[in-house]
Amino acid sequence: MAGQRPVDPARHPRWGGVKELILAALTDEPFLLDLSVASGTGLYDIHQRRWDSEALEIAGVRAGQLADVVPTTTVLRLKAGLAGLPDGTRLIIGAADGPLANLGVGATPAGVAAVSLGTSGALRTVVDRPTADADGRLFCYALTEDRWVIGGAVNNAGSVVRWAGQSFASGFERPGAEGEDADERDAALLMEAQGVPPGSDGLLCLPYLLGERAPWWRSGLRGAYLGLRREHGRAHLVRSAVEGVCQQLALVRDSFAGEGFAVTEVRATGGAVASELWVGVLAAALDLPVAVADTPEGTALGACLLGWHALGELPDLDHAAALIAIGKPTVPDPANAALYARLRPLVEKSALAMLDTVKELDRLAPQPTPAIPVTGGRVDATHGSEKA
């Protein structure tokens, strides 16, 4: 705010997030943070297992101001006198939402990836060591000390269909609908888009309405439709947007392959996977079978399973895959998979080629237009997740 003095980190004895504060309130332990959340802060050296001195210098904080980092399976005890809870109740410190989502859908064995498709999206797979690709495309968070999750988050997923419903709602009832009404409108749009052939009759969508993160991490990207012709209609615009999101997730998967981590199957969760179109396009773009997890609360279930593991009741986390009910996998259509593989280089080429044009547009119109709300309903399932 104007006139407000900048914060001097050195003046404060402690720096932390909401989790550290809650743990301090619930237990009598020192200031603690789990390895998983610490590994996603950008301040933690995942190889040396310590706060990184160079990152701390840039941030202007000291290691002594931050929490002590402990394994995700650390068992704490609730302090006495908490209302409604027995004194000494065990508390598992737990992990971050993304790694827990992999565990909650059973995507822990080698080669099994998890996809979250809500307002935003993410693709993650579990590896046996902390790793980072040389090009900086992927994040790496801990699940446990010997299980690490690599992946990438995309800013746009169900949000593009919600935007389409708000922008192209003519012909549907309640164009200003929210909540369940908006979900019904989005579902109707997706059903209409299923009638468009794969490739959207030559229409390519760069679905960067909210900018984009993985795998390029380039600021300033904007959305665009390329190849627009007179015969393209609303259904083409919606389908090509879905295809654009799935192609972006496929680019993240390609980054896995570049680091030697092959993916052989995918388990999907989130509000968007209720749509047959989303799942079919995702399977074809990844050229992998995609099974939808029966539970919509993968992260919460993953937290329960990690707690079970910490208490010794689930010795092998890979066994979680056998405990999670999933639907019959959607197998990619070979012709569609081949088409999307041919189109995918055009996505990257077009997106990066637009950067100079976008910079000029930003100079001409530096103030963004008001954001279209995308809250409410199923498409918000992963909003705010995968922040790093």
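A113 stands opposite V266 in strand β13, where helices (H or I, at least four residues) and strands (E, at least two) are DSSP runs, numbered from the N terminus. The structure is a predicted model, in which local features need pLDDT of at least 70, side-chain atom pairs count only at pLDDT 80 or more, and totals for chains, interfaces and linings use all residues. Residues are numbered from 1 along each chain as its sequence is written, and side-chain values use heavy atoms, with hydrogens and water left out.

A113 belongs to one side of strand β7, and β7 runs parallel to β13 (residues 265-269), joined by 5 bridges; two strands pair if DSSP finds at least two bridges between them. Strand β8 (residues 121-127) is also joined to β7 by 5 bridges, but this pair runs antiparallel. Here V115 has L123 as its bridge partner, and 3 residues lie between the two strands of this β7–β8 hairpin.

How enclosed is strand β7 by the rest of the structure? It is largely enclosed, because 6 of its 6 residues (112-117) are buried, that is, under 20% relative accessible area, whereas exposed means over 50% and partly exposed in between (1.4 Å probe, protein chains only). V112, A114 and S116 cover one side, while A113, V115 and L117 cover the other.

R49, in the loop between β2 (44-45) and β3 (50-51), has a positive phi near 55° although it is not a glycine, and at 34% relative accessibility it counts as partly exposed. D287, in the loop between α8 (276-286) and β14 (290-292), also has a positive phi, of about 55°. With a relative accessible area of 46%, D287 is partly exposed.
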